[in-house]
Amino acid sequence: MNIQTKIEARRDFLKMTSAAALAALATGAPRLIRADDTKPDAPAATADTCILLWMAGGMAAPDTFDPKRYEPFEKGLAAEKIISTFPEIDTVVDNIKITQGLEQIARILDRGTLIRSHVQADLGNILHSRHQYHWHTGYVPPQTVAAPHIGAWMAKLLGPRNPAIPAFIDIGQRLEGVGEKEELKAFHTAGFLGSEFGPFVLPYPDQAIESVRPPKGMTPKRFEARFRMYRELVNQQHGDDASDYQKESMMRSMENAYRLLSSPERTAFDLTLEPKASYDRYNTSRFGQGCLLARRLTEAGARFIEVTTEYVPFVSWDTHENGHTTAAQMKKDVDQPIAQLILDLEQRGLLDRTLVVIASEFSRDMMIEGVPGSTARDQSRAKADIMAEMKQYGLHRHFTGGSSVLMFGGGIGKGVLYGKTAAERPCLAIEKPVTITDLHATIFRAMGIRPDSGLDVEKRPFYVTQDGKGKPVGELFG
Amino acid sequence: MTKSNLHPLKLHWATIVLTATGLFTCQTAFIQPSWGQEQKQVDFAHDILPILQSRCAKCHSNGVFKGDLSLESRDKLIDSGTVELGAHANSQLFERITSSDPDEQMPPEGDRLTAAQVEKFAAWIDTDLVWPAEIEFKRRIFSRPLGLRAVALPDQRSDSDHPVDRIIDNYFRRNSVKPLEPLSDHLFLRRAKLDLLGQLPTIDETRQFADNEDPGKQEKLIDELLSRDRDYADHWISFWNDLLRNDYVGTGYIDGGREQITEWLHRSLITNKPYDRFVRELISPSPESVGFIKGIKWRGRVNASQVEPLQFSQNISQVFLGINMKCASCHDSFIDDWKLNDAYGLAAITAEQPLEIHRCDVPTGETATSKFVFPSVGQIDGSLSRTQRLEQLAALMTSRQNGRFPRTIVNRLWHRMTGRGLVHPVDVMANEAWSEPLLDFLAVDFVDHGYDLKRTLRMIATSRMYRSRSVQASGQLLGSSTSSDFIFRGVDTRRMTAEQLVDAVWTLTGAAPRNIDAKIGSPEDVELTGKWVWKDAGAGQSPAGETVFFRYEFEIDSLPLASSIVTTCDNQFELFVNGKHVAKGTDWAAPITSDIRPELKVGKNVILVQASNQGDSPNPAALFAELLLRSDNKSDIERFGTDQNWDWTESSVNDPAELLNHEQIHWYPAVVLPGANETYESAMPLVQRAVQQFDLADPITARASLVQADLLMRSLGRPNREQVVTTRPETLSTLQALDLSNGEILAGWLQTGANQWLSAQRESKWSDQELVTELFEQALSRGPASDELKVLIPLHGEDPAGPIEDLLWMVVMLPEFQLIQ
C-alpha cells in the first residue's frame, strides 16, 4: 500500500468512527488533550507498526541477554556463587555476548539494540500481574481510573494502518481459565479510552482465522446473505423511533465489522496459508506461531501487535523452581521465531518501519527478591544454600534492578549495546538506566506520538507516559 | 521545556482555579528511580500554581487588581510588564518577590517565599512563563446552597398536572422547546420494563397492554412493574454493583483483601430499603455490608492515595455526593475547591490507626483529623472510636441538612431513566442542573417520602415527559459536556446495557445458564411447607427398628422444567419415585437433595419413602421432605412438603412397586410432630439452603446481572469493578460489533435458540410467517410488516435451524432491538 492510499484508508476509517467520537464527547467521556499528528512539533514517526514480544513471567537477564559469571550445576555448589546458569556465546556484534540457547538471535543482533539497563519499580511485593500492568499501561496499579494498554493508546491516537485490520491485536494470552485472569483483564483493555480501542484478542494463533471469519459452520455465502437481509430490514425502518444519531452510529460499527469479516485482508490471520517451510521455522511453540501471525498481520497493515509467551502463574518464564531447565526450554521456544521474524521483516522491506520490542516485567536472580533492601517476600520454591538437586539450580527470585530489552527496526540503532549492569551481585543497572516511563516514551516517539500526549478524563489529564514525563532515549535511535 | 507540557483544558473554576499538568506526577512519584536525569523544568501546576493561589491571587485576581497587576492569565501578566520573558533577573516580579524592602516586597504579608519557591519562579520566567492560555482565574460561576429548597410548582401549562411536567412545561416554554409527542403503547411498555426491570415485555404483556382501554393504564403499569421486587432487584443490582465496586470474582476476593456485599445488597433492593438507611448501613456497616467501606487491599506497595482509608474517602465522596476526591487525595485539587485535608479528613474517620497525611506520596509529618466535607452539617469527633466515628459520619451524610446527598441520587436515577443527568456529568454535582427547580423538587419529594428510591423512579416514569417519544439526542450531537449550554428536549434514545442485551437474548433463545454466581437471598427467609411427620404422635419413643412407608401422590399436566426433593429422616430413609430408587439417607443432620425430574411423567406420580428407626431401644423418629416443582412456562415454584396430606402405612411388603399396587393395604394420614423443628434444628438451615438453591438455579429467571461477566458482556461494557463506574458506554464500537457478528458466545446462544424455535414451530405447526410474527412480538413488541416478511420468508437453508439462527441474529442486531427508544 502506498502512502497515498494509506492516508485515504485512514480517512475512511476516521469518517466511520466519527459518530462514536461525537458520542464520547457527550458524556463527559475522555477528550483528547493533544492530537499530536496535527501539531507541527510532533516527532516524525520512524515506525508505522509496533510489535511487542512479551516474555511473560519475568525473563532472567543473566540467563538470556546479560551473561555473568557462569557456574555449571554441581552438587555442593554454593547458591551465592551462581549468577548465570548458562555460558555465554558470541554474537554477530563483536562486543556483545549473550547466553547459550539464543544462537539464532545472536546472529541478527546487528539489526537491533540491546538495552541491559531497563529498571522497574519496586512495588514492595512482587506480583506479576501488577508489574505487568505497570509495564503495559505505564502506570502502577491501582489507579483511580482504568488505565489503557499502550496498544490502546496507539489505536486511539494513530488509528488502524489498514481499516480492515484491527489497530490493536493481542496474541497468545488467554484471559479465561488461567490464574490471575481478572488481574490480567485489568490491563488488557483500553480502559477509559473505551472499547473501540481495546485489544482484538487472539489467544491461539493457529485459530486466529476463526475470529475474522463467519461464525463456525456458516458459509461465506450464507454470511453474506444474512448481512444483506439484515441491511434491508434496517433500511425499511419499521417500528423505528430511534434517533438517527444512535442508529447510524450502530450501523456504522456493524458495517465495519462486516467489512472486516469479509475482507480479503483477513487471510493474513490464516496460518495455514503460510508455506510449510516458513511455517516450520516459526513453529516452536504457540509463541512461535504468534510471531508468524504478527509478521503476516504487519504485512497486512496492523498498527500494534503484542505477542506473549503467555503469563500463567509458575509457568514458562515464571520460574520459581527448576529455573535452568525451564529457561533452556523457553529459549528453544523463542530464539528461532524471534530471529525469523526480524529476518522476514527485513527481507520484505518492512523492518525499517516496524519497531519490534522484546521485554519482560522484570529480571530474575538466584538470591535477591526485588532489589537489595526490598521488603518483598522471597518466593522461591526451591530454596537452597547449597545445590543438592537440579530443581534448585536456576534464578528463582524476582529482580527489578536491571533487566534486558531488545529493540529492532523502526529507526532504532543497529548493533548497539546500551546500558550496563554490575558484573557481580547485586546486578543493578549501573549505567544509563531506562525506566518503563522512558522506554515507553521511546516507543511512542518512534511511532510519532509525543510522550506528553494525553486525554482529559474526569477533568484530569492522563498521559500516554506517566504524567507526560517520559523522555525518549535519544541515543537509542540509529 | 516547551509549552508542550500544558494542555488546553477549558474548565469552569470555582473561586480561584487553575488546571493541572502532571497530576499524576505525585501520585506515582515513588516509582521513579532517583537516578533519573531530570532536566530542570517547571511544572506549572505543582510548582507555580499553588503559590499564585495561596500568596498572590487574593490581591491580583477576581476583580481585585492591586497595583494594576492581574494574574488572571499569562497574557495579562505579560501585559503588566512586570516580567521579561527568559530573563528573571530583569523582571520586576522577580525583584519584588526577592526584595528585602518592606515597601517593595511581595507578598507584602506573611512569610517570604522560600528559596526553593523563588528558584521555581526564576526558572518559570526563564522558561518563558509556561502557562496555558486557556487557563484563567475565574469567578465562581455557580453555587447552590447545600440545603434543599422547597420548589413552588409552576402553573400547569399542558394537559398534564404531574409535578415533573409542570416544571418541564415551564422550562420548555422559556427555552422554546417544541412540545413532546406521545409514545406508542408498545414502545412505552418496552421502555418502562427495560428501564425499571431490565427485561423485554412478554407477548402477553404487550397484548394486554394494547387491549387495555383504561386511561390510567400507563401509571398502573409503572406501579405493577415496580411491585415485582425480585426482577427489580435483579436489574438494579448492576447499577449498584458498578457504583459500590461489588463483584462476584476479582482482585482481592480470594485472599481476603476484599469482601462482597452481594447478599446484603440484593436483599436491600428487594425490600426497597430506604436510601438513608441503605447508606447508613454501608458507611457504618454490619459484617455483611462491610465490603464497600473496606475497599480493596492491594498486595504490595501502593501509592499513599490508594490505601484503603483514601479509597473510602474517594468512593463515598463520588458515589453519595458526586464529589471527585481523587485529585485531593494527593494534593489540594486544581479543578475544584477540595483540599488534601478534606480527602484525609474523610479517610481519618475510617482509619484504624492514626493516618499520616501524604502529599504526592511523600509523608508530611501531619496526622489527619476526622472531618466531614460539609462543616455546616456537623462535624466528626475524632476522639471517638472508629465505630462511633463511622456512625457519626453515617448520620451526617444522611442528615436532612445535607441536600447534596438526595440530589446526587435522584440525579443518578434521572440519568438512568432519561439518558442524561439533570446535572451532568453525574459525578460533578457542583455543576448547575439544566433545571435546578426540578432537581430540588425531586430531592425534596424523595426526602419527604422516606428516601424511597422506587417513589422517585415512579415519579419520573409516570410523568408525561417519560411517556413521550424519545428525541434526537441534541446534547450528544452538539458534543456539549457541561450543563449550562444544554437544552433538555426529552428522553434520549439509549442503548441497552450489556446485561439488558444479554437478558433479552437469553429470553429469546432459552440460553440462560443453569446457575448463577451471585450469592443472594438468605436461606433463613425460605419458608418451608414441609413438617416433621411420623405415623403417630408417639414418635418421640418410636420402637427401635420400626419401619414406616410414607407416600405422596400428585398429578401433573405437563413435565416440569425442574424438580427436586429434599429429604431427611431420623434415622434412615430410602426414596423411590414412581417405583424407582432415587436416594438413600442415613443422617438426619445431612438432608439429601435429589433431582427427580427424569422419573416424573405426565399424569399421576408417586413418591414413596421407606423410613426406619434405628437403635437398641425406643428413641425419636421423624421424616421430613420438601418436594419442589418448577412448572413449564412460569417461574413459580410449587412445593409440597411432608404434612397430613402424605400417607403412611406399615407393611411386610418390602418391594415398593408391589406395595403401591397392593390394594389391601390401608394408608393413613401422616401425623405432624409438634416441636420437632426444635429437635432437628440443625438440619433446617440446610434444607432451606437446598430449597433456595433450587429457586436460584431457575433457568428462566437467571439474569445476566447475577452471573460472572463473560467476555461478551465485558466487551459490551460491563466493567471491571475495581473502580467506581457510574455510566456505561453509549454507543456500539466496532470491536463490539465484531463480537456480535461472529463471536462464539452469542453464536452459541443463537444456535440453542434456533433449535428451540424450530421445535416450537414443529410442535405448534407454525408457518414461517407465524414463527417470524411470534419472534417479532417477543423481541420487538410488534408484529412484522409485510415488506419485512418479504425479506425474511421463506426461511430456507440446508440445515433447518440455520435460517432461524440467522433470523434471530438479524432481529437481535436491529437498532430497534438494541436501543431503548
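A: The buried residues of α10(A) are A:F287, A:G288, A:Q289, A:G290, A:C291, A:L292, A:L293, A:A294, A:R295, A:R296, A:L297 and A:T298. This is a predicted model. Twelve of the 15 residues in α10(A) are buried, so the rest of the structure largely encloses this helix. Helix α10 of chain A covers residues 286–300. At 1.5 Å a residue, its 15 residues should span 21 Å; the end C-alpha atoms lie 21 Å apart, so expectation and model agree. After α10(A) comes A:G301, with a positive phi near 115°.

Now chain B. B:F312 sits in helix α14, residues 308–321 of that chain. B:F312 counts as buried because 24 other C-beta atoms lie within 10 Å, and the cut-off is 20 or more. Setting aside neighbours within four places in sequence, B:F312 contacts B:I293, B:G295, B:L346, B:A347 and B:T350. B:E181 is 131 residues away from B:F312 along the chain, and their C-alpha atoms are separated by 45 Å.

Chain B also holds an open sheet. Six strands run in the order β9-β8-β11-β6-β14-β15, with antiparallel pairing. The edge strands are β9 (580–585) and β15 (668–669) of chain B, and each pairs on one side only. Strand β8 of chain B, residues 572–577, is joined to β9(B) by five bridges, and the two run antiparallel. Across from B:L575 stands B:A583 in β9(B).

Terms used. Residues are numbered from 1 along each chain as its sequence is written. Chains are lettered from A and ligands numbered from 1 in the order in which they are written. This is a predicted model: local features need pLDDT of at least 70, side-chain atom pairs count only at pLDDT 80 or more; totals for chains, interfaces and linings use all residues. Helices (H or I, at least four residues) and strands (E, at least two) are DSSP runs, numbered from the N terminus. Two residues are in contact if their C-beta atoms, placed from the backbone, lie within 7 Å. Two strands pair if DSSP finds at least two bridges between them. The expected span of a helix is 1.5 Å times one less than its number of residues.
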